[in-house]
Amino acid sequence: MNTLIEKIKVIYLPFLIIFVGFVSLYTFLHWFLIIDKELIALKEDTLKFWLPFALPFIPIYIWLRPRVNLLIFKKDDYYYLYQFLALGSICVTTMITQEYLIVATGKLTELDNISEINKKEITKYYTLKNFHLDKKSAVPYGTYEVSGKHREQLNFHVYCIVPIFPDTLNSPQFTCLAWLGAKKTKTVSNKLDESQKKVIYDEFYKNTWDSFNKEDLSQFTYLENLGNANDIDDFEAAIERSPAYKETDIIVLKAINQPFEARYGDKFKWIFLSFGIGSFIWLILLFFPAINISKLRAYKEGKLPSEKSDLVEILEFLIPKNDFFITPIIININILIYLIMTIYGLGFISFQGYDLLTWGANFRPSVLKGEWWRLVTSVFLHGGIMHILANMYGLVFVGIFLEPALGRTKYFIVYILTGIIASLSSIWWYKATVSVGASGAIFGLYGVFLALLLTNFFSKDIKVSFLISTSIFIGFNLVMGLTGGIDNAAHIGGLLSGFIMGFLLYPFLKK
């Protein structure tokens, strides 16, 4: 049996079919449902990045994973590496294709003046002959967001907008239909103290606004309709502050100072280059591992024994069971809220501070005004993908051992109470910091677990190993909190309250 030929037939050709099929199908649905028929409205970042990043996992998991499992690897990590490289290849090509699709299908509409924009079909690009930019009605709008694996970066954004009118004389009588927008961003370390952040932000805000006012905004080749761009909500928030704003449909345009034909760049070429590079790398990788002949024959005959997959094992942690009931429910609520915020278009990697405030983040000025519910709602919110993954992992670990020990009711009460105390600790320590996350409540559970480990509640075999691992986990996370961008006040408040509760609960649990 020629094993190389078998690897190409059984593994590589299906990979190519999945590769080409996914890129083609996704691109067609993007064009048909969103561009042509306008049946669905999604943010561009979701279309161009997050969906191409997430969806290829489905065909890879269903069709490619069992075939990769026929290969013989010295380390299990290589098994995941091959799937990861397949996923990465499909993701990159799909993302580039969507970029090209958007600019290639975008129509250019010629306008004599801006009043014609609502009389013609809304398109992606415009040329404009006669117009007046009313800088007296221009306004800036500033936002910020935290990013990075450990929330170590603080990103300042300033959005500047100016209304576009047909001419100078009729501007006061004309309802503004379109606005010219510009955006600038500055990133600083989130480890700086609040006063330093404020000084840097104020200076950046002022410089951006001064530069916008001095710039000759009338010099552009064509205008791009921002449509469903990821930051369109921030531009609209700026527009609503302008004295020229009236409640009507808003079109935000971006000035482009290059030939219209240059919008393609090298996107079309890179579609094929990325496909070629990804396909070639995957082909070369197939030369190295051997193929399991017995598994291959069983696979062809449909007799390959079923195995519990990694995904199934992970998903089992989301299903409530007898002694592991409350933990999966808490995890599911956190994930559901995160997914709703993502689908709502608020982000994926991270969410902006003002969006988190809207959804119930902990914030001292708001709580002191009477919004006490934030002490609870903030426990079920997270700042981004890495934040929620880290917290849910920590929750699973402690929940497996602690929930059966406490019982459902006591476990849930401890989680909520330590979460509230963690939130109170946060607003006591920080005067004006937006705080979210289940980590305060999770530290509370670890505090209870640590207290019980110091008693004779658990057997000696369990006590030593888990006392060491739990102490390392707590110590590591508290030290990481000292680097900045992490609410250590909530962590310490939750940990201490849980530790005290653990000793208070011990006599009842022992009985």
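## Cavities in the predicted model

A cavity is a set of grid points where a 1.4 Å probe fits but cannot get out, and its lining residues are those that have an atom within 4 Å of such a point. In this structure, which is a predicted model, 2 cavities of 30 Å³ or more are found.

The largest cavity holds about 40 Å³ of space, and its lining is made up of D45, T46, W50, N230, T342, G345, L346 and G347. Helix α2, which covers residues 44-54, gives the most to this lining, with 3 residues. Sorted by class, the lining of the largest cavity contains 2 nonpolar, 5 polar and 1 charged residues.

## The second largest cavity

The second largest cavity has a volume of about 30 Å³, and the residues that line it are L375, V376, V379, F380, Y415, I416, G419 and I420. Two helices, α13 (374-377) and α15 (408-429), each supply at least two residues of this lining, and the largest share, 4 residues, comes from α15. The lining of the second largest cavity divides into 7 nonpolar residues, 1 polar residue and no charged ones.

## Helix α15 against helix α18

Besides lining the second largest cavity, α15 packs against helix α18 (residues 488-510) at an angle of about 145°, with the two axes 7 Å apart. The crossing in which α15 passes α18 is right-handed. On the side of α15, the contact is made by K410, V414, L417, T418, I421, A422, S425, S426 and W429, while α18 brings A489, A490, G493, G494, S497, G498, M501, L505 and L509. Taken by class, the residues of the contact of α15 with α18 are 10 nonpolar, 7 polar and 1 charged.

## Helix α14 against helix α16

Helix α14 (residues 385-406) and helix α16 (residues 439-453) have axes that come within 10 Å and cross at roughly 40°. The crossing of α14 and α16 is left-handed. The residues in contact are N391, G394, L395, F397, V398, F401, L402 and L406 on α14, together with S439, I442, L445, Y446, V448, F449 and L452 on α16. This contact of α14 with α16 has 12 nonpolar and 3 polar residues, and no charged residues take part in it.

## Helix α16 against helix α18

The helices α16 and α18, each already described in another pairing, also pack against each other, at an angle of about 40° and with their axes 6 Å apart. They are therefore oblique to each other, and the crossing of α16 and α18 is right-handed.

From α16, the contact is made by S439, G440, F443, G444, Y446, G447, V448, L450, A451 and L452, and from α18 by A490, H491, G494, L495, G498, F499, M501, G502, F503, Y506 and L509. By class, the residues of the contact of α16 with α18 divide into 13 nonpolar and 8 polar, with no charged residues.

Notes. Residues are numbered from 1 along each chain as its sequence is written. This is a predicted model: local features need pLDDT of at least 70, side-chain atom pairs count only at pLDDT 80 or more; totals for chains, interfaces and linings use all residues. Side-chain values use heavy atoms; hydrogens and water are left out. On a 1 Å grid over the protein atoms alone, a cavity is a set of points where a 1.4 Å probe fits but cannot get out, and a pocket is an open set with protein on both sides within 12 Å along at least five of seven lines; lining residues have an atom within 4 Å of a point. Grid points are joined across faces, edges and corners, and a volume is the space filled by probe spheres set on the points. Ala, Val, Leu, Ile, Met, Phe, Trp, Tyr, Cys and Pro count as nonpolar, Asp, Glu, Lys and Arg as charged, and the others, Gly among them, as polar. Axes are lines fitted to C-alpha atoms, for helices over the stretch in contact, and angles run from 0 to 180 degrees between N-to-C directions. A crossing is left-handed if the near helix is turned anticlockwise from the far one by less than a right angle, and right-handed if clockwise. Contact means heavy atoms within 4.5 Å. Angles under 35 degrees count as roughly parallel, over 145 as roughly antiparallel, 65 to 115 as roughly perpendicular and the rest as oblique.
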